[in-house]
Amino acid sequence: TTMSSSIVDIKNDTEAKAASLLDASALSGQKNVLFFYADWHEPSAAGGPFDMVVKALAGQSGTDGVNMYRVLAEEAPTLSQKYNVTTVPTFIFLNSDGAAIERIDGGEDVARVTQCYSRLASSASTTTTSSSTQPSPTQQPEEQSEEKEEEQTLNNRLQSLITSSPIMLFLKGTPNAPKCGFSRQAIEMLTESNLTFGYFNILEDDEVRQGLKSYSDWPTFPQFYVKGELVGGLDIMK
């Protein structure tokens, strides 16, 4: 495990065990942030926006009494499974009794990481009993329309799907039973190139089908993504 300005790098389950991260009781008594990333996922990999915000927070984490851990998600399966990590980046915010008070799964909202961190840093440790009668400053007025929240949730879900595999194909049908000629051609091209890829059958989920059109500003399927970036449709794949 290497330390850089109070971030502990966890590259595998052995290091996670050495840092007592697999043992919930060992974590109690201090606040911890677990940041799960993947090298192939640019926003969370070294130098990406999530990595930068974690480094910035780590600069002040010593004074806040918060430990920062950066975990290579796919190489530490036991730890990832323990916190149900299915996408990158995932952030888990643990308070001083070892409970996860907040988590962020996927998405691009770097600012939210800072907000959750601030709430964790300012949350009272369970050992000190604080009698605060004034309302907590984190309660924001619920003026955001539900529609916007639903759209945000859908976008987070789309983002997670798009980045769930380094090469991702959204098609009509499945690789074994494509439901349109374009999807079939796309599958044939990927198979001939011996590429491993993830796929999603848009016919089974109309919300994803419609959402993806506006999300990526690309009206047709199949849609082909590499490392979270839209490459395009079949014509561009050719």
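Modeller: Here is a quick tour of a sheet, the helices across it, and some backbone details.

Biologist: What should I know before we start?

Modeller: This is a predicted model, where local features need pLDDT of at least 70, side-chain atom pairs count only at pLDDT 80 or more, and totals for chains, interfaces and linings use all residues. Residues are numbered from 1 along each chain as its sequence is written, and side-chain values use heavy atoms, with hydrogens and water left out.

Biologist: In what order do the 4 strands of the open sheet sit?

Modeller: The order is S8-S7-S9-S10, with mixed pairing. Strands pair if DSSP finds at least two bridges between them. Strands (E, at least two residues) and helices (H or I, at least four residues) are DSSP runs, numbered from the N terminus.

Biologist: Which strands stand at the edges?

Modeller: Those are S8 (198–201) and S10 (229–232). Each has a single partner strand, so one side of each is left without a neighbour in the sheet. Neighbouring strands here are turned by 25° against each other on average, direction ignored.

Biologist: And how many bridges join S7 to S9?

Modeller: There are 4, linking residues 167–171 of S7 with residues 223–226 of S9, and the two strands run antiparallel. Met 168 stands opposite Tyr 225 in S9.

Biologist: Which strands does helix H7 lie across?

Modeller: H7 (residues 181–192) lies across S7 and S9, at about 160° to S7. Helix H8 (residues 206–216) lies across S7, S8, S9 and S10, at about 65° to S9. Those angles run from 0 to 180 degrees between N-to-C directions, with axes fitted to C-alpha atoms, for helices over the stretch in contact; contact means heavy atoms within 4.5 Å.

Biologist: New topic. Where is there a cis peptide bond?

Modeller: One joins Phe 221 and Pro 222, with omega about 5°. Pro 222 is in the loop between H8 and S9. The bond from Val 88 to Pro 89 is also cis, with omega near -5°, and Pro 89 is in the loop between H4 (77–82) and S5 (90–94).

Biologist: Why mention those?

Modeller: Because most peptide bonds are trans, and most residues other than glycine have a negative phi.

Biologist: So what about the phi of Asn 84?

Modeller: Asn 84 has a positive phi near 50°. Asn 84 lies in the loop between H4 and S5.

Biologist: Is Asn 84 buried or exposed?

Modeller: Asn 84 is exposed, at 55% relative accessible area. Buried means under 20%, exposed over 50%, partly exposed in between (1.4 Å probe, protein chains only). Ser 20 has a positive phi too, near 60°, and is partly exposed at 31%.
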